[in-house]
Amino acid sequence: MSTKKPTGNAVPDKGPDTENAKTRSLKVHTALAGNEMMTTDQGVKINNDQDTLKAGDRGPSLLEDFIFREKMTHFDHERIPERIVHARGSAAHGVFRLYESQSALSKAAFLNDTAAETPVFVRFSTVAGSRGSTDLARDVRGFAVKFYTQEGNFDLVGNNMPVFFIQDAMKFPDLVHAVKPEPDNEIPQAASAHDTFWDFISLMPESTHMVMWLMSDRALPRSYRMMEGFGVHTFRLINEAGEAHFVKFHWKPLLGVHAVCWDEAQKISGKDPDFHRRDLWDAIESGNFPEWELGIQVIPEADEHKYDFDLLDPTKIVPEELVPVQRIGRLTLNRNPDNFFAETEQVAFHVGNIVPGIDFTNDPLMQGRLFSYTDTQLIRLGGPNFHEIPINRPVVPVHNNQRDGHMRQTINKGKVSYSPNSLGGGCPFQAGQTDGGFTSYPERVEAHKVRGRSASFFDHFSQARLFYRSQSVPEQNHIVNALSFELGKVQAIHVRERMLYTLKQVDETLASDVAFALGLKVPAKITPPLNQSIPADADPAQYQPVAKESAVSKSPALSMAGTVKDTIRTRKVAILAADGVDGASLGAIRKSLEAEGALIELIAPRLGSIQSEQGKKISVHQSLLTAASVFYDGVYVPAGSNSVASLAAEPDAVHFLNEAYRHCKPIAADNGAQQLIKATYFSDQKSPKASGGVLLSDDASQLSTAFIAALKQHRFWDREDDRKVPA
Ligand code: HDE
């Protein structure tokens, strides 16, 4: 029997060799050499994988069928519990390279050696939704990085927002219960727009700053590749001399920070729930490796009490205007995982995975996290040996006296599993500091044991206000709309009112704009007191938020308006065309966009190919049925009277343009495409605001230059002021 092509296995049909072959995925996706035979898990070769063993070919199945039982038992146990938070995620491998030695700040080898390439595994995630939920939910995004350093694994388990909802880990289960689907009917999926979330938030003023971020466009990233990341807590860096500096970690994406809008997010959630996952995967497959710079804000220990916020309070940022972010290295994601389950699902991050040169602080949220991550992996990954799963293994040897447990892989040899020992020659030895042994920073702690919170944590609004006031006008409008949407979904009127009162503490106009949308008045006062997160016998007056202004009144770094806008690399542009398209008009723009690194897809009424005016066959990537404007960053319509006439008669083509307009995207068209543009709702928009980013010309070179400049801008949010476009 041939070993190359086992009988019964389909051999992929090669299909037509068109430019568009990628979509047909002709690659044989296997890691096998091509001559392997199927076996059981015990290595016994399987002759028939199609039928169970029966007493006669119409008879009952036999219990003896070990091949069937093994296959089905394994299948029945294929799933592990999903993460209680951050269940939906996507990950990639990459490397971290340091620009300049940070030895003055940290003795960590990977922060000292500029020649080293530290391997990393990075997992992005949404927080509230389950594994199968949509990528475009309004949510915080996880940004977890595992550095496989020469001194062991360092995990920077961060988010795409620099603050958190709560100040103390004790409240985390409450927060998560409140945001998850409501327990009686498991509604809604992957959404914070429901009563229990806002009930909790309205009673916890410390969450206000984070809620501002969550209601901003930061919660709707255009791509994982276009998000910032933050370590959130203040950490410590420790140098060789044992000196400590406080540090905040940042990730700055080289493509800038960009978002989609809410209407778009909701549509993407239906049309492609894997939008971010696909985007990350495709970018890496096509060699467009996502990159971020690692930034640090460094604060000397002596300055611990210099600021008008507490460095230990995770609801506060250190404004970049006070302490600039220094960029010290670059993260490049260059390899997709081979197997989602083995790597992305089984990876176990832990804020407690640190290496010599990095240390914790007393941030009470961080301290609680130090307990939770190992605890949750024990159940999720089935026992104490999850560090032996390949994706979690450090690149350096592991020696200790930990033994046994479920699924132990290591076969420890000899009799000795204790320390001190003489029978094992004393091995493994403790590492002295000169050998890189970890020692904790000897912070002096002298205090009473209390269950309480520092009064320096009680300013809950000044940075929420700083964030809101630092946003551009369109960004502020989006926050108002997001709050109006979310609170509009809340049924309990008193919860809406409490939130309006909280918003009033941030900004009166913000509160009244949201109140208007809700058909309510901003309450002059509320009872009981605003903060309900207080101990049983405490005096509520002592726990009320402190009213104050931030020392920094505006922080441009908090707005996405000023982000990197100098590239169209990996931006997706749709070209709408049909038979009779002017090949020259199409080709010229396509060429100049591709030269700048944009990704072009030709969309026609149906799949296959179209014929240009010049008689050339051009392959089609998507049909109007499979594509949607929400998947693209801009649209171009080439000339060609037959093509333009067919598209003008095609409601999906007109809708495509209307929707792209509504979502404020650049639209370019050859003058010869007037007939289609005339069929849109926006064709008669004349005001500069309304027509910004809508480009018409019959000079291909001028048009492509203007279109590239418009694509760099990402969006023309000003259009929203005049928006009268249904889509
Ligand atoms: Fe997490 N968090 N968290 N978290 N977190 C988890 O660990 C937890 C917090 C973050 O891609 C869990 O393995 C507590 C802040 C990310 O696998 C769990 C508290 C930040 C990920 C857990 C926090 C994060 C997690 C769930 C408050 C930003 C996904 C599954 C004290 C700095 C990692 C797991 C991945 C995952 C606990 C707050 C980031 C339950 C108790 C603040 C990116 O252990």
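The structure is a predicted model, in which local features require pLDDT of at least 70, side-chain atom pairs count only at pLDDT 80 or more, and totals for chains, interfaces and linings use all residues. Residues are numbered from 1 along each chain as its sequence is written, and side-chain values use heavy atoms, with hydrogens and water left out.

Helices (H or I, at least four residues) and strands (E, at least two) are DSSP runs numbered from the N terminus. Six strands form an open sheet with parallel pairing, in the order E15-E12-E11-E16-E17-E18; two strands pair if DSSP finds at least two bridges between them. Strand E15 (622-623) and strand E18 (694-697) are the edge strands, each pairing on one side only. Strand E17 (residues 667-670) runs parallel to E18 and is joined to it by four bridges. Ile-667 has Val-694 in E18 as its bridge partner. Helix H13 (residues 583-595) packs on the sheet, where it touches strand E11 (572-576), strand E12 (599-604), strand E16 (634-637) and E17. Contact denotes heavy atoms within 4.5 Å. The direction of H13 makes about 150° with that of E12, with axes fitted to C-alpha atoms, for helices over the stretch in contact, and angles running from 0 to 180 degrees between N-to-C directions.

A nonpolar core is a set of buried Ala, Val, Leu, Ile, Met, Phe, Trp, Tyr and Cys residues joined through side-chain atoms within 4.5 Å; buried means under 20% relative accessible area (1.4 Å probe, protein chains only). The largest core has 56 residues, of which Phe-165, Trp-198, Met-212, Leu-483, Leu-510 and Val-514 touch the most other members. Among the elements giving two or more residues to this core are helix H3 (195-203), helix H4 (208-214) and helix H11 (493-506). H11 provides the largest share, six residues. At least three residues come from each of domain 1 (89-392) and domain 2 (460-536 + 546-561), with bounds from an automatic or database domain assignment. A second, separate core of 36 residues includes Leu-156, Leu-280, Val-351 and Ile-358.

Lys-665 lies in the loop between helix H15 (651-662) and E17. Lys-665 is buried, with a relative accessible area of 0%. Its side chain forms a polar contact of 2.9 Å with that of Glu-264 and reaches the backbone oxygen of Ser-629 at 3.1 Å. A polar contact is a pair of N or O atoms within 3.5 Å; within protein, one must be able to donate a hydrogen and the other to accept it, and residues adjacent in sequence count only if both atoms are side-chain atoms.

Notes:
Buried means under 20% relative accessible area, exposed over 50%, partly exposed in between (1.4 Å probe, protein chains only).
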